[in-house]
Every structure is written in structure tokens, then in C-alpha cells.
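I opened this notebook to keep track of what I looked up, entry by entry, for someone who has not seen the structure before.

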Amino acid sequence: MRKTPLLATIAIGIAASLALAGCSGASSSSSGGTDASIAVGSLYEPVNLDNTAGGGQGVTEALNGNVYEGLFKLTDDGKVQPLLATKYTTSSDGLTYTFTLRDGVKFHSGKPLTSASVKTSIERVLAADSQSARKSQLAVISGIQTPDDKTVIISLKSRSISLPYNLSYVWIYGPGTTNYKTAEDGTGPYTLGTWKRGSSLSLERSNGYWGAKAKNKEVVYDYFTDASALSNALLTNQVDIVTSIQSPDSLTQFEGNKNYTINNGKSTTKELLAFNDKVAPFNNAEVRKAVYSAIDTKKLLTSIWGKYGTLIGSMVPPSDPWYEDLTKVNPYDTALAKKELAAAGLPNGFSFTLDTPTYDPHPAVAEFLKSELAKVGITVNINSISADQWYTKVFKNHDFTATLQEHVNDRDVVWYGNPDFYWGYDNPQVTTWVNEAEQSSTTAEQTAKLKLVNQQIAKDAASAWLYLYPQIVVASSSVSGYPVNGLNSQFYAYDIVKK
């Protein structure tokens with residue numbers, strides 16, 4: 001889930017874009033080849049550099065796989081591969097995993113990778129104050145043993161077929177620093193260079209990296225607060241690549257131009273109208289379904305993204321193994337919406353407050369929803385809040401009636417099995433299915449159970465899943481080797497080359 005200024009205001013023009021551009025100017029002066037400096041334009045500056053402390057999407061984009069690594073790696077196409085762990089075995093009852101660590105790995109501080117650092121890194125994710133996206137899934141861990149420097153034994157309270165996948169979220173931190181919000185000690189192909197808050201963050205190639213060295217010398221993430229400025233920075237060669245275009249209208253500047261490549265990759269980012277399912281009137285499924293059916297999601301998607309993006313009818317994107325097209329479960333039908341409102345005892349509608357993050361596209365989405373719901377007698381009062389306010393008010397304190405938010409992660413339908421999650425959805429059958437899926441002995445069993453979850457949350461309209469974001473990566477034709485999909489906001493930079 002995102003928690004930082006994520007999307008930019010689609011506005012103001014080239015003069016402002018020059019003022020808002022990052023400071024590096026790397027692409028205009030850098031040579032190519034192995035000495036290249038790659039300038040990456042992004043809207044997602046980290047809040048801090050610790051992915052267990054609310055660093056937001058930006059810290060994942062810049063540091064995951066580049067500066068920090070895990071026991072496993074999630075590839076750009078969603079597969080789980082061993083990384084700092086070379087192999088593992090599982091006990092016959094599925095409750096004990098034994099991992100063997102890779103030889104010859106050192107942290108940037110120069111200290112060797114040991115099982116002790118793996119243990120403390122996992123414990124940081126499980127700590128009371130951790131804000132890790134996979135904390136709840138890893139809570140199944142009952143103990144971690146380190147019989148020697150190269151062996152990690154993880155004991156579980158119950159079977160967890162997703163353990164290797166969930167461990168791909170856990171960065172292995174070295175002992176070289178204690179302030180992970182501003183510094184780093186990872187094992188990745190880059191070290192942290194300079195972070196100029198509000199402007200840029202640079203990564204420098206680590207010559208002591210255990211694996212294949214980065215194909216470029218430096219990567220500089222230049223941060224923007226405006227989508228038009230970001231696009232113009234690419235047009236004026238201030239940046240080499242834009243990780244995610246957020247203004248579809250700006251693509252006309254690049255279409256048919258041999259100097260640029262447009263990549264329409266796969267996204268896992270869902271735009272949600274999230275109800276507080278524990279608060280009236282949204283504790284009534286009929287009301288939630290009525291709201292959902294009153295929204296013309298196709299028109300909304302077109303108004304925000306043009307010809308890009310995908311309609312979805314649940315939390316599951318097509319890249320997840322348990323995807324099904326459920327867009328017809330809650331169809332756009334205002335007559336049906338009015339009928340459902342009447343069945344819920346609200347024939348004349350009702351009013352509610354929609355807590356809306358101030359960054360795009362949420363304000364435009366909120367205005368669209370307000371107009372749509374007015375047609376069936378529902379009044380929407382828009383309350384604009386910052387990303388930080390959203391995190392405290394909505395996510396932590398559950399102090400809201402309904403909100404807008406985008407959820408980045410793949411395989412996150414399991415959060416509907418947690419009644420304590422911020423949206424408060426509580427269906428004991430769904431919770432049982434989620435638990436049974438995790439305790440499956442085969443991926444086929446897991447997939448079957450999570451399809452049931454997917455179908456049930458759609459029937460209950462646990463949230464209104466408005467659309468799936470596109471992942472539009474646009475780059476100068478002089479660069480290649482960059483990732484094109486948007487799984488979990490990661491952006492592996494080490495294979496990028498410049499002519």
C-alpha cells in the first residue's frame with residue numbers, strides 16, 4: 001500500500017517542469033557504457049529509507065534489490081527466486097524451514113553476511129512498531145535459530161506455503177548502521193550515494209558486490225511533484241527514464257517518436273473506494289453493493305487513464321495466480337443500486353464523508369464519485385487529507401467512514417482475512433479460507449481457496465475496486481535493460497545500460 005506523495009498533479013507546463021526537476025541532470029552529460037549515470041525520473045520520493053518504518057513506495061522503488069536484498073527475490077514477472085539463500089528444505093509437517101546462506105556475501109560496511117543478521121532482520125519486521133506490508137503474514141513465525149553462520153532455521157506455528165514469497169519482502173540489514181531511516185547497510189549491487197530531500201537520491205555501484213556488478217556506475221532518482229514536469233524532463237533529456245507515467249495525455253509527445261520507447265507493462269496497483277465495514281451504513285453489504293453499482297467504473301477509468309488501465313471486480317489483478325474476472329458481480333446499474341438501497345432501508349439515500357488523499361488521481365476520482373452517487377440520492381462530502389494524515393487517521397486509527405487509496409502489492413487479497421485491517425471487513429468464512437490457503441500443501445490447493453476468497457469479497461462488496469492502474473514506463477531509446485512491470489513498486493536498476 002502506498003503512503004507517500006505517490007502521484008503527481010497533472011498540471012502546469014514546461015517552465016514549472018524545469019523548476020521542479022531533480023538536480024542531477026545526469027542524462028545530458030553522462031557518457032554511456034559501464035561509466036554511465038542513469039537518471040531516473042520518479043514521483044515517489046521516500047519518506048525515509050527504512051521499509052519497516054513507513055518509508056513508502058519510494059523506498060521500495062529505489063532500494064529494493066538495488067541496495068538491499070532478501071533471502072529471495074521477486075522477479076519482474078512475479079516469480080520467486082533464491083537470492084541470499086541458495087537453498088532450503090522443509091520438514092515433513094511443513095513447520096520447519098532450513099535455509100542455507102550464500103557464501104562470499106558482504107554488507108556495504110564490509111562485514112560478512114551471517115545468520116545472525118538474517119535473524120535480526122526478520123525480527124525487525126515482526127517488531128511491535130514495524131510497518132512492514134507483510135508483518136501479519138510473517139507472524140506465523142514462532143522462532144528463529146542460527147546453529148551456525150550459514151544456517152537459518154525458521155519454526156512456524158502453522159504451515160505457510162507463502163513463506164519464501166513473504167521473505168522476499170524482508171531486507172537483510174547489516175550491522176553497519178543503526179539509523180536505517182537515513183543511512184543503509186545492505187548487500188546489494190549499489191551503495192547509497194547522496195539523498196537531497198525534495199530533489200534526488202543517488203546510488204553508486206558497489207565494487208565489492210558478491211554477484212554480477214551493476215552495468216552502470218550510478219543511478220540518480222530525480223523526484224518530481226508534478227506529472228507534466230516529469231514528462232517534460234524526459235523530453236528535455238534531464239532524465240533517461242520515467243518509472244511510471246501518470247498523465248496519459250502526455251504520451252502523445254512520445255508516440256511515434258523514435259527517440260523514445262513506451263512500455264505498457266503489468267501493474268498490481270488497485271484504486272480502491274475502501275469502506276469502513278464496521279461503521280454504519282457500510283456495515284451493511286447491501287449498502288456497499290449499492291454504492292458499487294452506482295459507479296460507472298468504465299467511464300471513470302477512461303476519464304483518468306484514457307485507453308490505458310484495466311477494470312477489475314476484486315482485489316486480485318490478472319498477474320496473481322488466483323485471478324478471475326469478477327467485474328460483473330457488482331455491475332454498473334443505477335436501478336439496481338436504488339433497489340439495493342431500498343432493501344437496506346435507505347430508499348432516500350444517505351450522506352457520508354470520503355477521506356481523500358490530496359495527491360492525484362484521488363481528488364479527480366472523488367469528484368467523479370460524488371457526481372455519480374448523487375444520481376441515486378447519496379451525498380458525498382469530500383474531506384481532503386495529506387498522505388501522512390491518511391496513514392494516521394485511516395490506516396492506524398481506523399477513524400473514517402470511507403476513503404480512497406491505491407494498493408500496490410500483489411497477492412494482497414489475504415488482507416481481507418484479517419478483521420483488524422483498516423477497512424474492518426470481517427467474514428469468518430473468508431478468514432478460514434485465507435488460513436486454509438496458507439496451510440495448503442500444494443499451490444493448486446492454495447489457488448482454489450483464494451479463488452473462493454476472491455469470489456466472496458466481491459459478493460460482499462467488501463470494497464469497491466475501481467480499476468487497476470496501468471504501468472507505463474517511458475524511456476529514451478538510448479537506454480535498455482530496465483524493468484517494465486509494476487509489481488510491488490520495485491525497480492531493479494542494475495541491468496540498465498546507456499548507449
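**Entry 1: aromatic rings**

I began with tryptophan 415, which counts as buried at 4% relative accessibility, where buried means under 20% relative accessible area, exposed over 50% and partly exposed in between, with a 1.4 Å probe and protein chains only. Before going on I noted that this is a predicted model, in which local features need pLDDT of at least 70 and side-chain atom pairs count only at pLDDT 80 or more, while totals for chains, interfaces and linings use all residues. I also noted that residues are numbered from 1 along each chain as its sequence is written, and that side-chain values use heavy atoms, with hydrogens and water left out.

I then looked up how aromatic pairs are counted: rings of Phe, Tyr and Trp (its six-membered ring) pair if their centres lie within 6.5 Å, and planes under 30 degrees apart count as stacked, over 60 as edge-to-face and the rest as tilted. By this rule I have 33 aromatic pairs in my notes. One of them joins tryptophan 415 and phenylalanine 421, whose ring centres are 5.2 Å apart and whose planes stand at 25°, so the pair is stacked. Phenylalanine 421 is buried too, its relative accessible area being 11%.

Next I turned to tyrosine 416 and tyrosine 425, which form an edge-to-face pair with 5.9 Å from centre to centre and 75° between the planes. Tyrosine 416 counts as buried at 0% relative accessibility, and tyrosine 425 counts as buried at 3%. Which residues form one aromatic cluster? I wrote down Tyr292, Trp390, Tyr391, Phe395, Phe400, Trp415, Tyr416, Phe421, Tyr422, Trp423, Tyr425 and Trp465.

**Entry 2: two helix pairs**

For the helices I first noted that helices (H or I, at least four residues) and strands (E, at least two) are DSSP runs, numbered from the N terminus. Axes are lines fitted to C-alpha atoms, for helices over the stretch in contact, and angles run from 0 to 180 degrees between N-to-C directions.

Helix α8, residues 285–293, packs with helix α10, residues 334–343, at an angle of about 160°, and their axes are 8 Å apart. The two are therefore roughly antiparallel to each other, given that angles under 35 degrees count as roughly parallel, over 145 as roughly antiparallel, 65 to 115 as roughly perpendicular and the rest as oblique. On the α8 side the contact (heavy atoms within 4.5 Å) is made by Glu286, Lys289, Ala290 and Ser293, and on the α10 side by Thr334, Leu336, Ala337, Glu340, Leu341 and Ala343.

Helix α13, residues 428–438, and helix α14, residues 443–459, also pack at an angle of about 160°, with axes 8 Å apart, and α13 and α14 are therefore roughly antiparallel to each other. I listed Val430, Trp433, Val434, Glu436, Ala437 and Glu438 from α13 in this contact, together with Gln446, Lys449, Leu450, Leu452, Val453, Gln456 and Ile457 from α14.

**Entry 3: loops and backbone**

Where does valine 105 lie? I found valine 105 in the loop between β5 (96–101) and α4 (115–126), and its relative accessible area of 2% makes it buried. Leaving aside its neighbours within four places in sequence, valine 105 is in contact with Leu84, Pro112, Leu113, Thr187 and Trp210.

I looked up two cis peptide bonds as well. The bond from alanine 280 to proline 281 is cis, with omega near 5°, and proline 281 has its place in the loop between β13 and α8. Asparagine 284 is placed in the loop between β13 (270–275) and α8, and at 26% relative accessibility it counts as partly exposed. Another cis bond joins aspartate 360 and proline 361, with omega about 5°; proline 361 is in the loop between β14 (351–357) and α11 (362–374).

Histidine 398 has a positive phi of about 55° although it is not a glycine; it lies in the loop between α12 (387–396) and β16 (402–407) and counts as partly exposed at 32% relative accessibility. Alanine 461, likewise not a glycine, has a positive phi of about 45°. The loop between α14 and β17 (464–468) holds alanine 461, which counts as buried at 0% relative accessibility.
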